[in-house]
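User: I'd like to go through the labels on this model and see what stands behind each of them. Can you take me through it?

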Amino acid sequence: PPPPPRAIPRVIARDANEPIATVTCVALTRVPVRATAGLLGDVRAHGAWPSALAHVKRARKAPDGAHTMILLAVARGEGDAKGEIDALDALAGAVRARCGDGTADDAGAFAYVEVPASAPSTKDEWDEANEMWPVSLVVANPHEVMPVPAATAEEEAYAVRWMTAAVKAAAEATTTSTTIGNCAIIVDPASGEEIARAVDESETHPLRHAALAAVDYAAKRDVATYPETVGVQAQIDERRAEKLARGVAVVADDDEDNVNDVKKRKRDAGTNGATVTELMGRPYLCTGYDAFLAREPCVMCAMALVHSRLKRVFFAAPNAETGALSGDKAGVRRLHSVRSLNHHYQVFSYDVDEDGLRAIADSTH
């Protein structure tokens, strides 16, 4: 059987002993205070500032106290800070218009500066980063840093069973290569029932990766199991209203805050597939289900699993080139860490290599 899986958190805590990772930028170091606001507007209009550095503030007070320092662009590493800006005609023109030729033509007014590459997630990290350059503090939400509870023996056996099944199915479907392909199995953890499975079908269509195909088969199973007969939407709305009414009735004599608490608890319970089915009379996409894949999903597949509302995603073999979930930096090949998404699932990797995949495929478990 595969080893115990490793949980891949959404937020990665930085080792306090490691130096802050930095990005080199070009800064204009002597901007007159009166020209600061206008030049900042020009810089935003003319320069494409990377979203990965959205936490970095574009301006700070210069050491002399009479000027402002403004970040103009990410450095290209040419060794000539002024030359890099001169090569950006629109930006160079904005500097000259706002600051005059005396500053725009002075090579000493331009400098390379280091800024923190990642947004700090704690007050201590923020204090350390601000010593380098002012940044915004992005505090992680409690659910982002909440540790994953240790699995029970029953849960481990459940995960091993389906992970092994996914790897074996991927191996059985691989007929034209010595490398094991991919298979995705969607399972309802509440009942232990297999909802859908699929192997890679991209030879028939470029979008038919294993995860996408499995989601498609899950949707077809949903339609077949819960056919759209008479007034299905009306029934769903009626059940939802009944559930909400019962919750409100429990606190009918209390204040509005308590009523809202009941509604919130109902929303929280909505992450459980069985609860959603009971509430709506049918499943909502793949809410509350688990996905087991032989290989780490790509960005396209990982996003499809987000849209399908999976609860947990397990994969056996990470993919350092195209995998979307096991990156060592939040937001970079770690899609479930992107805060703007409207759904997040838990991710677990078994961290096996090609030999490990083959061993699982050949096992008798």
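Predicted model: local features only at pLDDT ≥ 70, side-chain atom pairs only at ≥ 80, totals over all residues.

User: Why is R295 called buried?

Analyst: Buried means under 20% relative accessible area, exposed means over 50%, and partly exposed is in between (1.4 Å probe, protein chains only). R295 comes in at 16%, so it is buried. You'll find R295 in strand β8; helices (H or I, at least four residues) and strands (E, at least two) are DSSP runs, numbered from the N terminus.

User: What makes polar contacts out of the pairs between R295 and the backbone oxygens of I180 and G181?

Analyst: The rule is a pair of N or O atoms within 3.5 Å; within protein, one must be able to donate a hydrogen and the other to accept it, and residues adjacent in sequence count only if both atoms are side-chain atoms. A polar atom of the R295 side chain lies 2.7 Å from the backbone oxygen of I180, and one lies 3.4 Å from that of G181. As for contacts (heavy atoms within 4.5 Å), R295 touches residues including T179, N182, F315 and E354, leaving aside those up to four places away in sequence.

User: Why is the pair of Y158 and F292 called edge-to-face?

Analyst: Rings of Phe, Tyr and Trp (its six-membered ring) pair if their centres lie within 6.5 Å; planes under 30 degrees apart count as stacked, over 60 as edge-to-face and the rest as tilted. For Y158 and F292 the centres are 5.7 Å apart and the planes at 75°, so edge-to-face it is. Y158 sits in helix α7 and F292 in strand β8, so the pair ties together parts 134 residues apart in sequence.

User: And what is the pair of F292 and F314 called, and why?

Analyst: Here the centres are 4.6 Å apart and the planes at 10°, so the pair is stacked. F292 and F314 are both buried. Together with Y158 and F348, they form one aromatic cluster.

User: How do you know that R58 lies over the face of W49?

Analyst: The test asks for NZ of Lys or CZ of Arg within 6 Å of the ring centre and within 35 degrees of the ring normal. R58 lies over the W49 face at 3.9 Å from the ring centre. R60 is over the face of W133, at 5.2 Å from the ring centre.

User: Why are the buried residues of α13 said to be on the same side?

Analyst: In α13 (residues 354-362), the buried ones are G356, L357, I360 and A361. They cover an arc of only 140° around the axis, which puts them on the same side; the arc is that of the directions from the helix axis to the C-beta atoms. D355 and D362 are exposed on the other side of α13. The buried residues pack against α7 (153-173), β8 (290-295) and β9 (312-317).

User: Which residues touch the most other members in the largest nonpolar core?

Analyst: A nonpolar core is a set of buried Ala, Val, Leu, Ile, Met, Phe, Trp, Tyr and Cys residues joined through side-chain atoms within 4.5 Å. Of the 30 residues in the largest one, those touching the most other members include I186, L293, L305 and Y345. Helix α8 gives the most to this core, with six residues.

Key. Residues numbered from 1 in each chain as written. Heavy atoms only, no water.
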